[in-house]
Amino acid sequence: MPQHVARTHNATTGPVRTPWRKGPRPAPQPRRLAEATWPEVAEVAGRSVVVVPVGSTEQHGPHLPFTVDTDIALALAERLAAEREWVVLAPPVHYGSSGEHAGFPGTLSIGQQATELLLTELGRSADAFAAVAFVSAHGGNAGPVRRAVARLRAEGRRAYFWEPRGDPADSHAGRAETSAMLVLRPGVVRRERMASGDTRPLPDVLPALRRAGLRAVTANGVLGDPRDASAATGDDLLDGWAADLLTVSARWRPQGARDTEPRP
């Protein structure tokens with residue numbers, strides 16, 4: 001067992017995995033808007049980047065909850081805030097462009113245009129900060145995020161985005177996302193309901209998906225096979241995504257800002 005992972009025991013469900021804690025702990029006050037006051041933020045905003053995690057509320061197969069993309073985006077943004085002293089962490093955006101999942105009950109989508117407008121207006125409202133950055137973990141948001149950032153930049157603002165890279169044959173509720181959730185929120189993973197979905201690479205199913213939605217491609221809402229998912233795989237994936245985010249974010253650093261000293 002990796003030393004950075006603590007385990008406790010629940011009498012009903014057995015071993016319970018604590019939240020992902022490898023690396024520095026999440027950012028303390030006042031670098032979380034959810035825990036800060038405006039005077040505290042005013043002291044640091046001009047030399048800080050406000051980072052907005054962007055997710056979705058959409059189906060993730062019969063074994064995962066609707067918040068997978070938001071959970072992953074938030075966890076990675078927290079890791080970033082823990083290592084970048086100049087990051088102020090904003091509350092996550094829980095809704096995005098998920099129209100392709102409309103055939104599955106519970107999916108809540110605001111569409112591409114609304115997602116783009118939402119992120120554009122958030123970026124415009126962040127002018128007190130040196131820059132705004134979006135950490136998106138939902139593939140359906142890729143177009144709206146890119147267009148919002150392009151518009152903000154055209155208006156003279158500093159705006160950035162990052163999204164994780166994945167396996168095109170394991171693009172939704174498969175091994176990768178299931179493994180990540182076994183680290184972040186193991187109690188919500190329905191292991192007994194794990195089942196393979198369509199395992200073709202995403203480019204092969206995109207025409208049908210765009211024409212008729214995900215339900216026309218996979219009856220259970222899964223693109224990939226989650227049955228060999230594991231917390232160990234999740235740790236590796238999250239660490240890899242975090243490392244890439246940290247590398248990319250080095251280009252976002254405001255002039256004169258410094259990184260946080262690593263903490264045990």
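Biologist: How many bridges join E3 to E4?

Modeller: This is a predicted model, so what follows describes a prediction. E3 and E4 run parallel. Within this pair, valine 50 stands opposite valine 88 of E4. The number of bridges joining E3 to E4 is 3.

Biologist: How many of the residues of E3 are buried?

Modeller: Val49, Val51 and Pro53 point one way from E3, while Val50, Val52 and Val54 point the other way. The residues on both sides are buried. E3 is therefore largely enclosed by the rest of the structure, and its buried residues number 6 of 6.

Biologist: Which element gives the most residues to the largest nonpolar core?

Modeller: This core has 40 residues, and Val51, Ile72, Leu76, Trp162 and Trp252 touch the most other members. Elements that give two or more residues to the core include E3, E4, E5 and H2. With 8 residues, the one that gives the most is H2.

Biologist: How many residues are in the second, separate core?

Modeller: Ala45, Val52, Leu119 and Phe129 are among its members. Val52 is also one of the buried residues of E3. The size of this second core is 20 residues.

Biologist: Is asparagine 141 buried or exposed?

Modeller: Asparagine 141 lies in the loop between E5 and H4. Leaving aside neighbours within four places in sequence, asparagine 141 is in contact with Val54, Gly55, Gly96, Ser97, Thr115 and Ser136. Its relative accessible area is 0%, and a residue under 20% counts as buried. Asparagine 141 is therefore buried.

Biologist: What is the phi of alanine 173 near?

Modeller: Alanine 173 is in the loop between E6 and H5, and it is buried, with a relative accessible area of 0%. Most residues other than glycine have a negative phi. Alanine 173 has a positive value instead, near 60°.

Biologist: How far apart in sequence are the parts that aspartate 127 and arginine 157 tie together?

Modeller: Side chains of opposite charge can pair when their charged atoms come close. Aspartate 127 forms a salt bridge with arginine 157, and the closest N and O atoms are 2.9 Å apart. Aspartate 127 is in the loop between H3 and E5, and arginine 157 is in the loop between H4 and E6, so the pair ties together parts whose separation in sequence is 30 residues.

Biologist: Which residues do salt bridges with shared partners join into one network?

Modeller: Arginine 157 also forms a salt bridge with glutamate 155, with the closest N and O atoms 2.6 Å apart. A salt bridge between aspartate 198 and arginine 200 has its closest N and O atoms 2.7 Å apart. The network made through shared partners consists of Glu121, Arg124, Asp127, Glu155 and Arg157.

Biologist: What is the area of the nonpolar surface patch that includes Tyr95?

Modeller: Tyrosine 95 lies in the loop between E4 and H3. At 39% relative accessibility, tyrosine 95 counts as partly exposed. Together with Leu108, Ile110 and Leu118, Tyr95 makes a patch of about 330 Å².

Biologist: What percentage of the residues of the chain count as buried?

Modeller: The chain has 7 helices and 6 strands. It exposes about 12,600 Å², of which carbon and sulfur atoms supply 53%. Of its 264 residues, the part that counts as buried is 48%.

Note on methods
Residues are numbered from 1 along each chain as its sequence is written. This is a predicted model: local features need pLDDT of at least 70, side-chain atom pairs count only at pLDDT 80 or more; totals for chains, interfaces and linings use all residues. Side-chain values use heavy atoms; hydrogens and water are left out. Patches are made of residues with over 30% relative accessible area and no salt bridge: like charges are joined within 9 Å, nonpolar side chains (Val, Leu, Ile, Met, Phe, Trp, Tyr) within 5 Å. Accessible areas come from the Shrake-Rupley method with a 1.4 Å probe; for residues, only the protein chains shown count as cover. A salt bridge is a side-chain nitrogen of Lys or Arg within 4 Å of a carboxyl oxygen of Asp or Glu. Helices (H or I, at least four residues) and strands (E, at least two) are DSSP runs, numbered from the N terminus. Buried means under 20% relative accessible area, exposed over 50%, partly exposed in between (1.4 Å probe, protein chains only). A nonpolar core is a set of buried Ala, Val, Leu, Ile, Met, Phe, Trp, Tyr and Cys residues joined through side-chain atoms within 4.5 Å. Contact means heavy atoms within 4.5 Å. Two strands pair if DSSP finds at least two bridges between them.
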